[in-house]
Amino acid sequence: TVYDGANALGTCTLVSGVCSISSAALTAGSHAIGARYAGTANYATSAAAAIAQTVAQATTTTTLVSSSPSATFGVPVTYTVTVAAANGTIPTGTATLLDGTAGVGTCTLAAGRCDVTTGALISGTHALSARYAGDANHLGSTSATLTQAIVSPTTTVVTSSGASTYGGAVTLTVTVTAADATVPTGTVSLSDGTAGIGTCTLSGGTCTLTSSALAAGTHAITARFPASARYAASVSGSLSQAVAPASTTTTVVSSNAASTYGGSVTFTVTVATANGTTASGSVSVLDGAASIGTCTLASGSCSVTTSTLGAGGHPMSARYAGDANHASSTSAQIDQTVAQAATTTSVASSSLSSAFGASVTFTVTVSPAAAGGSATVYDGANALGTCTLVSGVCSISSAALTAGSHAIGARYAGTA
């Protein structure tokens with residue numbers, strides 16, 4: 001019988017004085033192996049001196065497998081550790097899951113394997129490994145590195161500095177937060193509806209974009225944070241950004257504030273904006289409340305020319321109708337004085353030498369021909385008759401002239 005100390009390892013039958021046993025039951029370590037002969041009827045018992053038997057720990061191989069090599073932060077992932085011994089024995093003890101050199105969790109082997117489940121790894125790429133601590137009969141071992149990707153959900157929020165005016169600056173602030181409390185980086189795109197308005201680069205999880213290009217009206221502003229190896233994409237809710245039309249100031253100037261009836265006068269209108277943008281659209285030039293003409297702004301100004309203002313005083317103003325981005329405005333009134341136009345009057349006789357009792361026609365001509373109204377023909381201080389001008393001309397006939405010489409004249413009465 002062969003003994004490990006006091007424990008029998010096995011018994012064998014002698015053949016020619018020799019026998020042997022085999023055992024795989026020895027634990028790692030040093031063993032005092034002895035043998036005892038039981039004797040027979042003819043031979044006495046005897047015991048062999050003990051020999052020192054050293055048993056080394058079995059080598060092991062550790063492997064690590066992830067249930068989801070690319071996972072979302074907060075969603076549990078199971079990491080399975082398997083430890084195999086080179087000699088087929090079953091290792092026992094514990095294994096530790098490592099993220100680099102930091103422990104993530106520990107599990108106890110059962111039938112050579114165990115699991116560590118966690119959802120606590122932050123976003124990013126992790127070099128994971130499993131380290132088997134070994135047991136009395138098995139050497140420890142460490143697995144190859146397993147690459148684990150963790151993506152964190154994000155939330156994007158966009159805020160505004162407030163309601164703005166066309167041409168004025170509005171600052172949009174974007175904040176991106178991650179579910180794993182890390183600070184996202186990257187570039188955020190901002191849109192007005194479906195049209196891009198610019199980008200900004202996150203610093204400390206926030207960034208700003210300042211724009212003065214938004215047209216007057218209400219805008220639906222969104223911010224989009226793109227996906228990366230570490231963070232999931234997210235889009236903000238829609239921010240309603242109100243942009244008011246820019247205020248304007250309208251002025252009107254006359255080319256000749258004291259003109260003459262029938263003469264041309266040009267009224268030049270300038271529309272200025274509070275923020276330096278250029279107004280467009282149309283302007284009406286008013287005589288009191290009546291429009292005398294309109295013009296279309298070019299580079300913020302335009303002119304209306306007229307020669308139809310009647311003689312007298314006219315309260316002139318200009319009214320800008322506004323455009324999509326600029327508010328309407330009306331100028332202060334300016335005084336336009338129109339003097340009566342000068343005229344010349346002449347008279348001609350149909351017969352400078354006539355007989356008493358004969359009818360003579362006297363034709364009056366008033367220049368300019370546009371003059372209307374009436375003219376009166378005189379014989380000295382005595383009115384012979386009045387006629388109504390047509391294209392500056394009218395006539396009267398008279399048979400009332402006495403014999404003799406007469407100083408015939410004509411007087412144009414004028415109009416307003």
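Guide: Let us begin with surface: accessible areas come from the Shrake-Rupley method with a 1.4 Å probe, and for residues only the protein chains shown count as cover. On that basis the protein exposes about 21,400 Å², of which carbon and sulfur atoms supply 54%. Please keep in mind that this is a predicted model, in which local features need pLDDT of at least 70 and side-chain atom pairs count only at pLDDT 80 or more, while totals for chains, interfaces and linings use all residues. Residues are numbered from 1 along each chain as its sequence is written, and side-chain values use heavy atoms, with hydrogens and water left out.

Visitor: What radius of gyration does the protein have, and what would a compact globule of 416 residues have?

Guide: The radius of gyration is taken over C-alpha atoms, and the globule rule is 2.2 Å times the number of residues to the power 0.38. By that rule a compact globule of 416 residues would come out near 22 Å, whereas the protein has 57 Å. Along the principal axes, its C-alpha atoms fill a box of roughly 210 × 30 × 20 Å.

Visitor: Which strands are joined to E23 by bridges, and in which direction do they run, parallel or antiparallel?

Guide: Two strands pair if DSSP finds at least two bridges between them. Strand E16 (residues 164-165) runs parallel to E23 and is joined to it by two bridges, with Thr165 standing opposite Ala244. Strand E21 (residues 217-225) runs antiparallel to E23, with five bridges between them, and there Gly217 has Val243 as its bridge partner. In a regular strand the side chains alternate between the two faces of the sheet. In E23 (residues 239-244), the covered face holds Leu239, Gln241 and Val243, and the uncovered face holds Ser240, Ala242 and Ala244.

Visitor: Is Gly392 buried or exposed?

Guide: Buried means under 20% relative accessible area and exposed over 50%, with partly exposed in between (1.4 Å probe, protein chains only). Gly392 counts as buried because its relative accessible area is 0%, and its place is the loop between strand E36 (382-388) and strand E37 (393-398). Contact means heavy atoms within 4.5 Å; leaving aside neighbours within four places in sequence, Gly392 is in contact with Val364, Thr365, Val366, Ala369 and Ala371. Ser284, in strand E27 (residues 282-287), is also buried, because its relative accessible area is 18%. Over the protein, buried residues make up 33% of the 416 residues.

Visitor: How many disulfides does a search of the whole structure find?

Guide: A disulfide is a covalent bond between the sulfur atoms of two cysteines; here a pair of cysteine sulfur atoms within 2.5 Å is counted. The search finds five, and with bonded cysteines counted along the chain they follow the pattern 1-2, 3-4, 5-6, 7-8, 9-10. Among them, Cys107 and Cys114 have sulfur atoms 2.0 Å apart, and their link is right-handed, with 45° about the S-S bond. Cys387 is joined to Cys394, S to S 1.9 Å, and this link is likewise right-handed with 45° about the S-S bond. Cys200 and Cys207 form another, with sulfur atoms 2.1 Å apart; Cys200 is buried because its relative accessible area is 5%, and Cys207 because its value is 6%.

Visitor: Which residues have the most contacts inside the largest nonpolar core?

Guide: In soluble globular proteins, nonpolar side chains tend to be buried together. A nonpolar core is a set of buried Ala, Val, Leu, Ile, Met, Phe, Trp, Tyr and Cys residues joined through side-chain atoms within 4.5 Å. The largest one has 18 residues, and those with the most contacts inside it are Leu64, Tyr79, Val81, Leu97, Cys107, Cys114 and Leu128. Strands E8 (77-85), E9 (94-99), E11 (113-118), E12 (124-132) and E14 (146-151) each supply at least two residues of this core, and E8 gives the most, with four. A second, separate core of 17 residues includes Phe267, Val271, Ala279 and Val285.
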